[in-house]
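Please keep the sequence and the coordinates at hand while reading.

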Amino acid sequence: MDGGAAFVDAFFKPALIARYAPEIVSGVGQTILIASTIVLTGLVLGVTLALIRSLRLPIATVMIVIFADVLRAVPPLVFVLLVYFGLPNVGVTLSAFAVLWLVLSLVLAAFVEEIVWAGITSVAKGQWDAARSTGLNFATTLRDVILPQALRLSIPPLTSRTIAITKNTALGSVIGVPEILNQATSAVSFSGNATPLMMGAIAYVVLFLPVVIFGRWVETRFAWRRA
Amino acid sequence: MHALVDQFFNVAIMAQAMPIMLRGLGWTLVLCAVAVPCSFLAGVLIAVLGTVRFAPVRWLMVIYVDLLRSIPPLVLLILVAAALPFAGIRLSPFAAVLLALTLNASSFYGEIVRAGIESIGTGQWHAARSTGLSYAQSLVHVILPQALRNVLPDLASNTLEVIKLTALASVVSFQELLYSADMARSVTYNSSPITLAALIYLIFLWPLVRLIGRLEHGVKA
């Protein structure tokens, strides 16, 4: 067998591609499902926290800052292991899917809160004063004047951060969430061949390359032109 | 409440796990000390190659950056550690982690530095070249210093991500901080070593998180 054939046999074996295609496809479904629930939860929770912070209640602010700093400073895999292996011993058993969803949603929320909060504070104080002086109340000012400007500024970092956290769904393979990487690695150990792993990698590229290119477009589209 | 403290904040178990975790921390620091400069320099190289006149090289850099940004770092690591052996390439866990981290992080650094270079007006290039500096000299002495300064918050933020990514090494049995903590957890049936690992990451990285916040505000002001 020459080198090319040996390569194909080890990495792109047609029989194994056909054998494991259903597993990889079902992994893609799991990855999309968990990624979309994480994005939804993380964005809603993060924006909510930023809004609560804008009320400037001392205790709430301190708690939000601690939450955001801790979740941004510690690697997500540490939290995944902590929750997955720790909680059952205190009587709380969550499925691997729930653990991954919970941890990554909280991590995304922490980043979203910081990004949106930075957006809110970057809107000039004069905008607040002007809006309030026309008779708008706090909530209306925030909703109709501040947030539209703050969110526009936040869109590029929000996009790139959301993409990064979404890719972290691969961490689910460590605790057995049947997403792409998990399906691929178990197929590799069953088949003794790298083909399923290559299929998994290609599945990620197919899934995320359009997202990455979209993110690049968003960054140029919403870029705040610095002189 | 007692069960919770015993499971997550058991001081006796933390003390017991401390020696192997400090050794793990040592390896995490070594990994950071090698992976961060390697991936940063590779990123600068990618960004610079992204500005050359010869279009195919530029396209190649865009493909590299977008392809590697679309593969999750853990997938990259498993590819390097579990797929390369099928091609007869067996790397030590350290080398595998270093390679995977560098491939991943260099694409992000590359993208950031490219944005930095693009933020520098062409006038700077013309001025530098007209004083007689070569292309390389203009790049190193005029363009890159300004470009890197303009994207300092993003560079710092990506560095934080690279450091956090070293925890993935535990998945391929490289004995860094998280791996050591997880070993201690599985021996003691207690999660306190993982809590301790989280605290150690926090002690080292909280200042960096704060610094990044300040850098971002500084640039905006």
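**Confidence**

The structure is a predicted model. Its scores are ipTM 0.93 and pTM 0.92. For chain B, the mean pLDDT is 94, and 98% of the residues of chain B reach 70 or more.

**Contact between the chains**

Chain A contributes 38 residues that are in contact with 38 residues of chain B. On the side of chain A that touches chain B, at least two residues come from each of α1 (3-11), α3 (58-73), α4 (76-86), α5 (96-122), α9 (180-191) and α10 (195-221). Which of these helices supplies the largest share? The largest share of that side of chain A is supplied by α10(A), with 10 residues. Sorted by class, the residues of the side of chain A that touches chain B are 28 nonpolar, six polar and four charged.

Two packed helices are described by the angle between their axes and the distance between the axes.

| Helix pair | Axes come within | Crossing angle | Handedness |
|---|---|---|---|
| α7(A) (residues 138-167) and α10(A) | 9 Å | roughly 165° | left-handed |
| α2(A) (residues 14-54) and α10(A) | 10 Å | roughly 40° | right-handed |

The axes of α7(A) and α10(A) cross at roughly 165°. Angles over 145 degrees count as roughly antiparallel, and α7(A) is therefore roughly antiparallel to α10(A). On the α7(A) side, the contact is made by I155(A), P156(A), T159(A), S160(A), I163(A) and K167(A). The partners in α10(A) are F208(A), V211(A), V212(A), G215(A), V218(A) and E219(A). This contact of α7(A) with α10(A) holds seven nonpolar, three polar and two charged residues.

For α2(A) and α10(A), the axes cross at roughly 40°, and the two helices are therefore oblique to each other. Here L16(A), I17(A), Y20(A), I24(A), V28(A) and T31(A) of α2(A) meet residues of α10(A), namely T195(A), P196(A), M199(A), G200(A), A203(A) and L207(A). By class, the contact of α2(A) with α10(A) has nine nonpolar, three polar and no charged residues.

**Summary**

Technical notes: Residues are numbered from 1 along each chain as its sequence is written. Chains are lettered from A and ligands numbered from 1 in the order in which they are written. This is a predicted model: local features need pLDDT of at least 70, side-chain atom pairs count only at pLDDT 80 or more; totals for chains, interfaces and linings use all residues. Two residues are in contact if their C-beta atoms, placed from the backbone, lie within 7 Å. Helices (H or I, at least four residues) and strands (E, at least two) are DSSP runs, numbered from the N terminus. Ala, Val, Leu, Ile, Met, Phe, Trp, Tyr, Cys and Pro count as nonpolar, Asp, Glu, Lys and Arg as charged, and the others, Gly among them, as polar. pLDDT is the predictor's confidence in each residue, from 0 to 100. Axes are lines fitted to C-alpha atoms, for helices over the stretch in contact, and angles run from 0 to 180 degrees between N-to-C directions. Angles under 35 degrees count as roughly parallel, over 145 as roughly antiparallel, 65 to 115 as roughly perpendicular and the rest as oblique. A crossing is left-handed if the near helix is turned anticlockwise from the far one by less than a right angle, and right-handed if clockwise.
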